[in-house]
Amino acid sequence: MSSVFVSNAAAIEQPYSTAVSETQEISIPKIEITTENGNGAQLQKADGYVNAEIKITDADGSALDETVLFKVRGNSTALSGIQKKSFTFKFDKKKEVLGMGKGKKWALLANCFDPTLLRNYLVFDFAQEMELPYTSNQRFAELWLDGAYRGCYTVYEPVQEGKDRVDIDIESNEGKKDFLLEYEATRVEDGVTYITAGGLRFALQEPEEPGEEQTAYVNEVMTDIVNTLKYGSEEDVRQKIDVDSFAKFYLLNEYAKTNDFGLSSVFFFYKDGILYAGPPWDYDLSLGNVNGELNSASAKAASKSDGILQDSRNFYRWLCDKEWFTSEVKRFYYKYYPYIENISADGGKLDSLREQYADLFARNFKVWDVKRWWLNYQKVPYSTYDENYDFLKNWCAERNAWLTDYYGIIPGAVLIGDADDNGKVNIDDAAAVQKVLAKFSVSPFNETAADIDGDGLSITDVTLIQRYLAGYENPYQIGEYVKRK
């Protein structure tokens, strides 16, 4: 993303406070990092790793005290004028951190562009609800760097290969089997291998140091996948990509209107001969937090709660042209509609997160002015946390309302014939009805959807589902979403 730093001079002069550490009771995980030269706040990305000591104290009082390597991470967040930077810390061996599994490398995201501190957390929770493969775990924490309080950060598992990360096998077959890619439209970094397939450009993230044979192999695989998306049938496409993950990933990023989705921080992984979408990453410039006043059609579109944004980006320029794929997206919108609606409902997901972390956020904004404007791509913040929060909540409600209309979603409707409640009508639904009639245990089971003729559950409903699947005339709205009393 092309970025221009914009600062608030008065805010920059505001000193860091250490008073918080003297009075705070441990209810949020606490991370204390002491760098070798005591200059952590002045570090820049170009400095690379420095030696440091870290102490991570969880809310229950348990602590991890270790030596680490520590550096500035990110791209826009790593600009020299950004004071609240994001960081990476790395152990010499894999360590369990805050109950999120074992790993050597961990990310501390500053969320500095988001005046609510909620966007990344909200989108990652949604991705976990949809069970997008290998979505990173996350925990809010407070950071002290060289004795100075730095506010609220989020601890994440970075997107990388590993048993508790993206579980792919990059060693088998001389490293030719599985791999992890990041979509990168233009950025060039030293030490990174890039491939181009069908006009799409990727950074090869895993393996980190591929040889010529590995690089050629990945390029061949990706070119074949792109050609299949362009010219193949639905059956051909389903043999190359995991359609469920691609549809969920599209829904996630279309709902959030992620501005970077056609630029960077967009991951895909290849496992056992199939390409998967995700894991998700980097959502501070999403959910309306984009400056619509820029002379950029993309930024203007991303800032608004209406319209479709992602159907021309990366792989989706071909997938979204296919009616069967948009039907898959709609199927998942139906499946997760109650969750999406609850995000912006009064007393719903957003309200719950705000209430739970209100004290944490208040402490953060005693150090970092909530109205600080860091980046020209970032929406100019309002003067108070309440105003910024209300904007986010209203934007999410408006986004759901627009997409509900766009996809023709009928709130409260059931998919007639979908007895096992998985969003599809297939032979498993007939079997599910038979098991219920035979008094076998079946879970989940949607009796409203399974009662095809409305006369109560019977063997007739099994027959009607079977006839529908065989292509016979369907007078009972099987395969359609219907709102029943």
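Reader: Leaving aside neighbours within four places in sequence, which residues is Phe325 in contact with?
Author: They are Val243, Phe246, Ala247, Tyr250, Tyr316, Leu319 and Cys320. Contact means heavy atoms within 4.5 Å. Before we go on, note that this is a predicted model, where local features need pLDDT of at least 70, side-chain atom pairs count only at pLDDT 80 or more, and totals for chains, interfaces and linings use all residues. Residues are numbered from 1 along each chain as its sequence is written, and side-chain values use heavy atoms, with hydrogens and water left out.

Reader: What makes a set of residues a nonpolar core?
Author: Its members are buried Ala, Val, Leu, Ile, Met, Phe, Trp, Tyr and Cys residues joined through side-chain atoms within 4.5 Å. The largest such core here has 91 residues, and Phe325 is among those that touch the most other members, along with Met222, Phe246, Phe268, Phe315 and Tyr316. Helix α10 (residues 323–343) gives the most to this core, eleven residues. A second, separate core has 42 residues, including Leu64 and Phe70.

Reader: Why is Ala63 called exposed?
Author: Buried means under 20% relative accessible area, exposed over 50%, and partly exposed in between (1.4 Å probe, protein chains only). Ala63 has 53% relative accessibility, so Ala63 counts as exposed. Ala63 sits in strand β3 (residues 63–73); helices (H or I, at least four residues) and strands (E, at least two) are DSSP runs, numbered from the N terminus. Apart from neighbours within four places in sequence, Ala63 is in contact with Lys55, Ile56 and Thr57.

Reader: How do you know that β1 and β2 pair?
Author: Two strands pair if DSSP finds at least two bridges between them. Strand β1 (residues 30–35) and strand β2 (residues 50–57) have six, in the antiparallel sense. One example is Ile31, whose bridge partner in β2 is Ile56. In general, strands of a sheet pair through backbone hydrogen bonds, either parallel or antiparallel.

Reader: In what order do the seven strands close into a barrel?
Author: The order is β1-β2-β3-β4-β5-β7-β6, with mixed pairing. The twist averages 35 degrees from one strand to the next. For such angles, axes are lines fitted to C-alpha atoms, for helices over the stretch in contact, and angles run from 0 to 180 degrees between N-to-C directions. Helix α3 (residues 119–129) lies across β5, β6 and β7, running at about 150 degrees to β6.
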